[in-house]
Amino acid sequence: MRLRIATWNLNTWINKAKKKILNEQLWAWALNNIPSDVYIFTEAQTPPPERVTRAGWSAVHRPGGFPNVSGWGTLIAVAPDSGLQLQHLTHLEGPKPYALDSHFPGSLTAARLRAGDRDIATVVGLYLP
């Protein structure tokens, strides 16, 4: 299986405040111009705009983005009609579970990527403030 992964810093607050570009416009541009199966969006609106999820996108992220700072963070998304599913990972498994995204909340998102009933990859999106 060939898997295409793209990453893009959406600069949500700058685009919205200074350029009047909405987050959903950036998602639409990515879908139409960046051929990928999985997208890692940093500085993205959390949760994704309702129009994005209605269009068939699926995404995982830390609820609330960066706490006490903004409504944006790191998202991992699969495009509509990709046939892929995401399972949000919040802890490393093992004898001593380790919480992910605890030091810089909203900056790290991890997901198990599935195709049908098979796990095919673990995807991590990371943005360091």
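**Contacts along the chain.** I looked up contacts in the protein chain first, taking contact as heavy atoms within 4.5 Å. Among contacts between residues at least 6 apart in sequence, 62% join residues at least 24 apart.

**Ground rules.** I noted that this is a predicted model, where local features need pLDDT of at least 70, side-chain atom pairs count only at pLDDT 80 or more, and totals for chains, interfaces and linings use all residues. Residues are numbered from 1 along each chain as its sequence is written, and side-chain values use heavy atoms, with hydrogens and water left out.

**Elements.** I found 3 helices and 9 strands in the protein chain. Helices (H or I, at least four residues) and strands (E, at least two) are DSSP runs, numbered from the N terminus. I read their order from the N terminus as β-α-α-β-α-β-β-β-β-β-β-β.

**Overall shape.** I checked the radius of gyration, which is taken over C-alpha atoms. The globule rule is 2.2 Å times the number of residues to the power 0.38. For 129 residues, a compact globule would have a value near 14 Å, and the protein chain agrees because it has 14 Å. I also noted the box filled by the C-alpha atoms: roughly 45 × 35 × 20 Å along the principal axes.

**Burial.** I looked up how much of the chain is buried, meaning under 20% relative accessible area with a 1.4 Å probe, protein chains only. Of the 129 residues, 40% count as buried.

**S36.** Where does S36 sit? I found S36 in the loop between helix 2 (23-33) and strand 2 (38-45). Is S36 buried or exposed (over 50%)? S36 is buried, because its relative accessible area is 7%. The side chain of S36 reaches the backbone oxygen of V38 at 2.7 Å. Leaving out residues up to four places away in sequence, I listed R4, I5, A6 and A79 as touching S36.

**Y127.** I then turned to Y127, in the segment after strand 9 (118-126). Which side chain makes a polar contact with the side chain of Y127? It is that of E43, at 2.7 Å. A polar contact is a pair of N or O atoms within 3.5 Å; within protein, one must be able to donate a hydrogen and the other to accept it, and residues adjacent in sequence count only if both atoms are side-chain atoms. Y127 also touches other residues, including N9, T42, F66 and W72, not counting residues up to four places away in sequence. I took one distance too: Y127 and R2 are 26 Å apart, C-alpha to C-alpha, and 125 residues apart in sequence.
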